[in-house]
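Biologist: Please take a close look at one part of this model, the surroundings of the ligand. I would like a connected description that I can follow with the coordinates open.

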Amino acid sequence: MMSNSIPSATALAFLVPASFVALDTIRRLVRSRRERKGSPLPPGPTPLPLLGNALSVDIEEPWKTYTEWKAAYGDVLYARLLDQEFVILNTQSDAVELLEKRSQNYSDRPFIATLEPYGMGFNFILDQHGEQWRLCRRIFHQTFRADTAFAFRPMQLRRARQMIVNLIDDPDQYASHYSTFSAAVALSAVYDYEPSPRNDPIVHIIHRFIAASIPAVTPEKSLLLKVFPFVLHIPDWLPGSSVKREARTASDWANKMVETPYQYVQKRMEASDPVFSMVSDHITRMQQYDESYHADYTSALKRASTSAILGSTETTSSVILTFTLAMVQNPHVWKRAQAEIDTVLGMDRLPDFDDRPSLPYVEAILRETMRWRPITPLIPHAASSSDIYKGLYIPKGMSCVCTKIPPSHIINTTGATIVANIWAISRDEVRYPNATQFIPERFLTAEGTLTDDDPAEYTFGFGRRICPGRHTANSSVWSAIATMLATLEFCLATDAEGKDITFEPKYVNGLACHPDIFPCRISPRPHINKTSLERILAG
Ligand code: HEM
């Protein structure tokens, strides 16, 4: 039997990092008290020693807890989950004040211990606010800024129409068609790659990477690796090595995701096959720079291009899934939209971007879809220095305990996480009465024109980190939903006796938050058929 007074190696292995967390928390509290100079932290629920407020937060949907706390503590809240401090901004105006007007200080990201081990290091979405990020963002901007993204519109419409053909062919696979559509738009823009509608090898790599990396973004996995980084070095035959294997698999898929489409472009360029894409454009631009800069440029280009695929695939398809759920639950909405479309376009052509200003109800549906169930309910930034806002102390204050973390991360791991709570903004009952209901009319004036309220002003984020793909995203979502409304009907599924199958929607929190697959019947409108659509596509 083991003596009680001599801790086992395993107990030590757990005790040492736990003590680091405890000491670190105490050190931060002392330091923050010194730095505050009399300014209080934002109000919030009283934290327990060490655990902080971890036990009071809904782990599945923390945005709901923060929204409830708004009533008790106000618009700007402070909470601590274990050693991680959060300042939660529950209104758009506070998010604009800090994340936009003080963006010099609020454009970092919180440190996530799983990123490097799970192969997410290529992803500039989660990069710190520094030179590497700036170069990626510049490359990205040249392709996706408003005036250049305009050029993608014909491709986006064509892809949306192809999606309808796939939906008519195989309606039960609707989620997969949305995903293929979203990936296809991004792959066309970034690599000039046309994926096949089913079983495409590159789409397969993207899906495998996303599936393998989702465990990386869970807070518990991140905390585990932060506190016990040695689990990445446990031999494969020992219990507890599953995290290491999981990380290795995600990393392998990440590597394929970065290299395979990039090499596809390189090969086409070597074969003098004309290719027009973000990657080919920058490979050409790179030649004007000194050779010594090529390695950095290539690395930034690979990171920007892969981030574009990752940033667009699950987000766009999540919005279309949310839209489908709203249509199935609110048939009067798609019927009113179809009446608008038929009046403006007639029944023998499909909407294109010239029709967009004439279809305010379709636009209102898009806005309500973005508001009703925001796909990124919380947007995390990090403060690089502590600050005073409205007389409240906003701490930097998280520090990273331990080991194999690249120096570029360690330098910047000292920011409290500043969270824009998009859920709270979208649930503001003064601005959006009956906020839980899907009511596109809230974005229309009594005359039927659009109001000035556009949820795109908060659902795409804020300041220097605002979604740089937002113009492309907005056009993709519009082309998808306008084409779907013009061609499809959305009903509850029926059972063998013809009775409607009702269901309680469930939500999945992956890279974006979206409804889980639900039973529904998506069918062509009476005057639409596959042949006529294929004729339109061919023309
Ligand atoms: C409807 C679809 C989309 C939504 C709702 C969305 C939303 C967001 C949000 C909320 C952020 C974080 C902003 C912040 O930190 O303040 C973000 C970042 C980002 N998004 Fe999107 N996005 C969408 C589609 C896209 C698309 C299509 C692309 C690529 C073409 C893209 C690329 C990115 C990138 C690269 C970032 C990271 C920017 C940075 O950290 O500097 N997104 N997006």
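Modeller: The chain exposes about 24000 Å², and carbon and sulfur atoms supply 57% of that area. The model is predicted. Of the 539 residues in the chain, 53% are buried, and the fold has 19 helices and 10 strands. Among contacts between residues at least 6 apart in sequence, 75% join residues at least 24 apart.

Now to the ligand. Its iron atom has a single donor from the protein, the SG atom of Cys467, at 2.3 Å. Cys467 sits in the loop that runs between helix H17 (456–459) and helix H18 (470–487). Around the ligand there are 26 residues, and those that come nearest are Arg109, Trp133, Arg137, His381 and Cys467.

By class, this shell has 15 nonpolar, 8 polar and 3 charged residues. Helix H4 (131–144), helix H12 (294–329) and strand E3 (378–382) each supply at least two of the shell residues. H12 gives the largest share, 5 residues.

Arg109 places a polar side-chain atom 2.7 Å from a ligand oxygen. The backbone takes part as well: a backbone N or O atom of Ile125 lies 3.3 Å from an oxygen atom of the ligand, and a polar backbone atom of Phe462 is 3.0 Å from a ligand oxygen.

Technical notes:
Residues numbered from 1 in each chain as written. Predicted model: local features only at pLDDT ≥ 70, side-chain atom pairs only at ≥ 80, totals over all residues. Heavy atoms only, no water. Donors = N, O, S within 2.8 Å, 3.2 Å for Na, K, Ca; no water. Helix = DSSP H or I, 4+ residues; strand = E, 2+ residues; numbered from the N terminus. Near = heavy atom within 4 Å. Polar contact = N/O pair within 3.5 Å; in protein donor to acceptor, adjacent residues only side chain to side chain. Nonpolar A, V, L, I, M, F, W, Y, C, P; charged D, E, K, R; others polar. Buried < 20%, exposed > 50% of the residue type's maximum accessible area, 1.4 Å probe, protein only. Contact = heavy atoms within 4.5 Å. Areas by Shrake-Rupley, 256 points an atom, 1.4 Å probe, with all protein chains shown as cover.
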